[in-house]
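Dear colleague,

Please find below the structure that I am handing over to you. My findings follow it.

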Amino acid sequence: MNEQNYSEFTGLELSPRKADYLKFILDKRGTVKTTEISSCLQVDPSTTSKTLTELATAGYLNHVLYRGVDLTEMGKAYAEFLVRRHRILSLLFTHYGFSTEEACAEVSRFEAFVSKDAVNKICNSMGHPMVGVCGEISHEKCIHEGHYH
Ligand SMILES: [Zn+2]
Ligand SMILES: [Zn+2]
């Protein structure tokens with residue numbers, strides 16, 4: 001397993017689809033069945049298992065025999081970044097006239113193309129807000145990444 005250091009990530013490693021898988025698994029907080037992922041994300045089972053295998057090979061997930069998948073430490077840190085990216089960007093949009101729903105929807109269309117560096121800069125300039133428009137924002141990684149404090 002080629003488990004990379006989280007701090008080496010640019011935030012642009014995963015396709016929007018793969019990012020959805022990680023966020024879904026993070027949200028479940030534990031081992032998730034493959035069938036549950038495929039039905040909730042509305043992807044056919046063979047595509048789901050292929051994608052999960054790719055994510056496992058890249059070090060984001062572990063397969064748990066007979067039970068499904070769970071996040072590796074790196075996968076969890078990465079998924080937390082994905083959530084923070086969504087929440088920081090949607091919070092930013094609400095400062096420019098977007099409603100909560102509009103901000104979430106708009107940001108969902110492009111968030112996968114915003115780098116971790118950009119998110120950290122925005123986060124820092126906003127003073128690391130704790131509450132986003134669709135949930136709490138955790139700053140454990142961005143504050144401790146070194147470049148900004
Ligand atoms: Zn949202
Ligand atoms: Zn922050």
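Helices (H or I, at least four residues) and strands (E, at least two) are taken as DSSP runs and numbered from the N terminus. Please note that this is a predicted model, in which local features need pLDDT of at least 70 and side-chain atom pairs count only at pLDDT 80 or more, while totals for chains, interfaces and linings use all residues. Residues are numbered from 1 along each chain as its sequence is written, and chains are lettered from A and ligands numbered from 1 in the order in which they are written.

I begin with the annotation. An unreviewed UniProt entry lists residues 14-72 as "domain: HTH dtxR-type"; UniProt positions are given in the numbering used here, feature names are shortened, and annotations may be inferred rather than shown by experiment. This span is 56% helix and 14% strand, and its end C-alpha atoms are 16 Å apart.

Strands β1 (residues 61-64) and β2 (residues 68-71) pair in the antiparallel sense over four bridges, where pairing requires that DSSP finds at least two bridges between two strands. Leu61 stands opposite Leu71 of β2. Three residues lie between the strands of this hairpin, in which Tyr66 adopts a positive phi near 65 degrees.

The chain is divided into domain 1 (14-71) and domain 2 (77-144), with bounds that come from an automatic or database domain assignment. Their C-alpha centres lie 23 Å apart. Nine residues from domain 1 and six residues from domain 2 take part in the contact, two residues being in contact if their C-beta atoms, placed from the backbone, lie within 7 Å. On the side of domain 1 that touches domain 2, helix α1 (residues 16-28) gives the most, with six residues.

Two further helices deserve a description. In α5 (residues 100-110), the buried residues are Ala103, Cys104 and Val107; a residue is buried if 20 or more other C-beta atoms lie within 10 Å of its own, exposed if 12 or fewer, and partly exposed in between, with C-beta atoms placed from the backbone. These three lie on the same side of α5 because they cover an arc of only 95 degrees around the axis, the arc being that of the directions from the helix axis to the C-beta atoms. The buried residues of α5 pack against α4 (73-94), whereas the face turned away from the buried side carries the exposed residues Glu101 and Arg109.

In α6 (residues 116-125), Lys116, Val119, Asn120 and Cys123 are buried. Their arc around the axis is only 100 degrees, which puts them on the same side of α6. Gly127, with a positive phi near 75 degrees, follows α6.

With kind regards
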